[in-house]
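Dear colleague,

Please find below the sequence and structure that I am handing over to you. My findings follow, and I would be grateful if you read them with the structure open.

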Amino acid sequence: MPEFRVEKGDSGQRLDAFLAQKIPRLSRSRIQALIKTGHARMDGAAQKPGAKVKRDRVVSIEEPEPTNSTIEAEDIPLDVIYEDDEIVVINKPPGLVVHPAAGNAAHTLVNALLNHCRSLSGIGGERRPGIVHRLDKETSGCIVVAKNDAAHQSLARQFAARTVTKIYLALVSGHLKTKLGTMDAAIGRHPVHRKQMTVLARGRAAKTDYRVVQEIDPASLVECRLHTGRTHQIRVHLKHLGHPVLGDKLYAPKLARGFPRQMLHAWQLGFAHPATKLPVKFTAPLPDDFVKAGAAVLPHD
């Protein structure tokens with residue numbers, strides 16, 4: 001168990017900041033989680049992440065062994081874009097839930113990954129082994145999964161630092177007045193419709209760059225680049241612009257008819273490889289339902 005004595009120059013720092021400085025391989029969020037679960041202490045006493053360290057106090061931290069998942073492996077076909085000893089990048093099909101949760105105890109991406117991989121990072125928790133980020137059930141496209149804890153920590157730090165490139169394609173209603181722009185509008189829980197998120201002054205910062213790729217009555221194909229990763233961010237921002245995603249039963253039910261699901265696809269994902277540190281980029285081909293929907297509303301010459 002690593003221990004650190006607080007020196008004069010460190011006195012007054014937050015506990016999580018102090019440990020992040022001492023153990024740079026761990027992300028700030030990982031350290032905060034360890035503190036909250038009692039695995040980081042000051043003079044043997046549990047603390048909060050924001051507790052101030054004091055001179056000559058001893059701060060200790062331990063990393064528990066990853067919890068083995070009790071989720072059953074399932075032989076569900078996976079469209080693997082890339083795989084090595086550190087990561088696996090999947091082109092997630094629409095309709096596949098990422099990890100088990102209430103109402104979806106099985107038949108998830110995690111069940112499929114446990115069958116595909118000999119081991120996955122346990123740092124994400126028993127029900128989310130290897131999962132660093134997620135996609136909505138109806139959203140298709142690129143998702144990266146960590147196969148060991150070092151890879152998980154590296155990817156988690158990159159997502160937290162917002163250095164990951166995340167580009168989506170969306171079929172939306174109508175034509176955008178501004179063909180290239182940025183939505184920089186905070187998002188929070190809708191005060192009335194609790195299943196929805198909405199643009200909210202008191203919400204969390206959210207930023208989306210968008211570019212119209214193609215348009216023809218009555219729709220547009222829009223490319224969206226995420227700078228943040230808020231729940232339903234693209235769907236909320238596009239609706240706020242007045243051009244909701246076609247097929248979105250939650251945010252535009254009147255425009256959902258005739259579409260099998262929300263027409264949103266995680267097209268490209270880029271990050272620094274956890275082992276080599278070199279930049280890598282992956283592209284997920286459009287699924288058949290998106291291509292068919294696009295052909296119907298955006299016919300080519």
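Strands β6 (residues 87-92) and β7 pair with each other in the antiparallel sense, and six bridges join them. Please note that this is a predicted model. Within this pairing, valine 88 stands opposite valine 145 of β7.

Strand β7 has a further pairing, with strand β14 (residues 264-272); here the sense is parallel and there are two bridges. Glycine 141 has alanine 266 in β14 as its bridge partner.

How many of the residues of strand β7 are buried? Seven of the seven residues, 140-146, are buried, so β7 is largely enclosed by the rest of the structure.

I turn now to a pair of helices. Two packed helices are described by the angle between their axes and by the distance between those axes. For helix α1 (residues 15-22) and helix α2 (residues 28-36), the axes come within 9 Å and cross at roughly 125 degrees. An angle of 65 to 115 degrees would count as roughly perpendicular and one over 145 as roughly antiparallel; α1 and α2 are therefore oblique to each other. Their crossing is right-handed.

Which residues make the contact? On the α1 side they are Leu15, Asp16, Ala17, Leu19 and Ala20, and on the α2 side Arg28, Ile31, Gln32 and Ile35. Sorted by class, the contact of α1 with α2 comprises six nonpolar residues, one polar residue and two charged residues.

Yours sincerely

How values were computed. Residues are numbered from 1 along each chain as its sequence is written. This is a predicted model: local features need pLDDT of at least 70, side-chain atom pairs count only at pLDDT 80 or more; totals for chains, interfaces and linings use all residues. Side-chain values use heavy atoms; hydrogens and water are left out. Axes are lines fitted to C-alpha atoms, for helices over the stretch in contact, and angles run from 0 to 180 degrees between N-to-C directions. Helices (H or I, at least four residues) and strands (E, at least two) are DSSP runs, numbered from the N terminus. Angles under 35 degrees count as roughly parallel, over 145 as roughly antiparallel, 65 to 115 as roughly perpendicular and the rest as oblique. A crossing is left-handed if the near helix is turned anticlockwise from the far one by less than a right angle, and right-handed if clockwise. Contact means heavy atoms within 4.5 Å. Ala, Val, Leu, Ile, Met, Phe, Trp, Tyr, Cys and Pro count as nonpolar, Asp, Glu, Lys and Arg as charged, and the others, Gly among them, as polar. Buried means under 20% relative accessible area, exposed over 50%, partly exposed in between (1.4 Å probe, protein chains only). Two strands pair if DSSP finds at least two bridges between them.
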